[in-house]
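Subject: Structure handover

Hello,

The structure is below, with the sequence. My notes on it follow.

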Amino acid sequence: MSTTEQPGGQVPELSAGSAGPRGADAVGGLPGVSPTSPVGRLAATVERLRREVRAAQAEADGRALIELAKGILVERLGCGPAQAARQLDELTEQAKVPLLELAVDVINQAARDRVTEVTSTFLAGTAQAGDRADASSAVRLREAESGALAADDTQAVADSLLQHALTPLGAVAVAIWAAGADGSLTLAGSAGFSAAEAVRWRYVPPGVATVARRALSERAVRWTTSPAGVPTIGHTLFPDGGRVAAPAGAGGRIHGVLEIAWPGPLEPQPPQVARQVEALAELCAHTLENRSAPGEEYGPRGPQDTADVAELIDLVDGLHDPALVLVPHLDGSGQLSDFRIRHVNGRFLDPAGRPGGLVSGALLLEAYPMAAGQSGLFQHVERVYATGEPLRAHRMDLTALVDQVPLAAMADISVSRHGNSVLLIWRVEDETARLASLLQHAQRLGRIGGFEENLRTGEITWNGTLFSLYGRPTTSAPVPLEALAAHAHPDDAVSIGRFLRTLLHHRRPATAAFRLQRPDGVTRHIRVAAEPVLDADDRLFVVRGAYQDISAQHWTEVALAATRDQLAHSEQQAHERNRLTLQLQHAIMPPAQAPLRTPGIQAAVRYRPAETEQLVGGDWYDTFVLPSRKVLLCVGDVAGHGIEAATSMVVLRNALRGLAVTGAGPGQLLSWLNMVAHHLTGAVTATAVCGLYDPADRTLRWARAGHLPPVLIRDAEASPLPLLRGILLGAVPEAVYEEAEVQLAVEDTLLMYTDGLVERRDRSVEESLTQLLTSARTTPSTLDSQLDRLLTYSRSDTDDDTCIVGIRLVADASG
């Protein structure tokens, strides 16, 4: 749906397409019935009679216009009806135009209202175009006006508009809405809609966004190509039909809305049609308003309005806020140009400081010329008067109402319509009172009580908050400063005495904190601050100051102090625990170990503790020569950190040393070690890789328990050994671990390591292992240099501890 406003006769933006069927009643032969049958003859008779009735109605409407033109000639020429009729016939013969069209011309010349102007413009346009057939539109418009003026109620007006003016335009229905003072809409009359639809839409509550409601709120004609998604009367009957809603207003006041419906999308309409719709809306406005005798130019319109204004003035005089009663002021053409201040009450406060008598009776824009500018007050009043919707505005700047006025004033504005008058109430915000209120709230929120004590007369003044702090009723006598110690904790007597001595003897400002013991047994922590006031002879005569309840702050400081002590104790315990864990770890497994002396191989180990003491882990390694002259190589990682992980590491490392002397293979050793982890260490889990190197034939038998496989470096190429099956230690009571055997050669280097060497948070283990293999291809001259280089250039970012075990085969049998 697209909606555009059509000001100044611009063509509305409507979707192209046929206007659809006209929707006029179609009475003809009944389908399937013979014209010669009784039913067919009856239908033909009904149709003939209906045509005769319509023709009679059209002739009666034409006669009404002709009689109206005769009456105008009687009044203008001062002749009788017969002479006026002859004059009209002569004019018809001379102008060579139909009698009915000449009658419309005469009426147009006599009546200078909005409808007449639209009709004249429309006739001029059709005459220039040379299309005499279109002149009948002016006749239809005048017929609609005549029928509306002669109608008894709004329903008859809707019927006349649809019959004479809207059906030839392709419209199928019309609704006339009456606007309520609360913004509601009531269906005052409709034509073309079913009775059930009219009953269902007889009332639209305030705030419901209908097509008519939008025109009322925006005070503008709204053209709608399709009401889909917008609730309105008949939207289920004509779901794709176009709509136009025009505010029906007169004299600046909107009495309702004229809504016209088409059965389908509309083609772009000429400006004459748009102006015709506006004229019809104004015609509806005259029908909707209470048409009584005109009153004064700016005042009420009849006796009833006079009574309403009198009642409103009585009401305003009883208000405690400044209020003005405004009545509309119309210009010579009947348009709203201003509002006259009919009455101001006794509490009226003018932003410019003028008395109310100088403002009463003046026009609003004369008394407050800036009301139409920055403040927007005039626009607010105009809208309320037009639509009837009340307005509430908070903290409007009244300084802008009067130019070059230094008074700064903010006000809460209330605007409402009562009959034909507008009630304007502004509650001016006194800056002094506002600051006093802010100070009072600040004292209440800060629990601050003020006092002043005259030392010569003994008069003491307390505010209400101070009585509340002392737990005393406001009717009791205030406590003098000299009696302050009697209401405080005995242990605070020294600080109170120092406070009074500084204040009264040395005559300097002083502060003190003490515990106030109230009559209800409650003890409050209070801070008092006071200053001396000296007279012209430099003598002390007044002391003023304030008490503040700081109990919440005091107990917060006590709780924070206790928390700080507890945190310091916890930090000390954690530091001691980490220190003991490191000592235990380094005692069992020092970072640097003596080189392994075995013929044919070089062995080196490296251990790098975690960078953060709180992350002391369970990484471990071991290399030693068994009684069988084979070399045991192992690396492991216990899950977790702290002393529990370190002690579990010690258990597994020592258990593997003891089990290795049995001569079992690495797979069997890991199976036994799994039972130790599961049953003897409190369900600890760990990963490990274990290997047995035989110098006699240079073979390595190895197995893994959930650990990364060793890396073999040969001929400047580095690759991991095959990934054998083996679950991590401690996960299940019993497990079997697969073994593999690798034939090593001279100059081969084998690396075993924990995941602290390669693990990163931002990439997978496979990517980190690829990076390790790239670094390992570079083989420095010594094994120690190679291990140091791997630790130095490791890209691990988990701050975990790291173990590396490396062996290199050499040709020298002495090692």
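Predicted model: local features only at pLDDT ≥ 70, side-chain atom pairs only at ≥ 80, totals over all residues.

Residues are numbered from 1 along each chain as its sequence is written, and side-chain values use heavy atoms, with hydrogens and water left out.

Arg507 sits in the loop between helix H16 (493-505) and strand S15 (510-517); helices (H or I, at least four residues) and strands (E, at least two) are DSSP runs, numbered from the N terminus. Its phi is near 55°, a positive value in a residue other than glycine. Most residues other than glycine have a negative phi. Arg629, in the loop between S20 and S21, also has a positive phi, near 75°. At 55% relative accessibility, Arg629 counts as exposed.

Next, the core. A nonpolar core here is a set of buried Ala, Val, Leu, Ile, Met, Phe, Trp, Tyr and Cys residues joined through side-chain atoms within 4.5 Å. The largest one has 30 residues, and Trp620, Leu632, Val638, Leu652 and Leu669 touch the most other members. Strands S20 (617-625), S21 (631-641), S22 (686-694) and S23 (699-705) each give two or more residues to this core, as do helices H18 (643-660) and H19 (666-679). H18 supplies the largest share, 8 residues. Another core, of 27 residues, lies apart from it and includes Leu162, Ala165, Leu166 and Ala246.

Strand S23 also holds Arg701, which is partly exposed at 28% relative accessibility. Leaving aside neighbours within four places in sequence, Arg701 is in contact (heavy atoms within 4.5 Å) with Gly665, Pro666, Cys690, Gly691, Leu692, Glu739, Ala740 and Glu741. Pro666 is 35 residues from Arg701 in sequence, yet their C-alpha atoms are 6.9 Å apart. The side chains of Arg701 and Glu739 make a polar contact at 2.9 Å; the term covers a pair of N or O atoms within 3.5 Å, where, within protein, one must be able to donate a hydrogen and the other to accept it, and residues adjacent in sequence count only if both atoms are side-chain atoms.

Regards

Conventions: Buried < 20%, exposed > 50% of the residue type's maximum accessible area, 1.4 Å probe, protein only.
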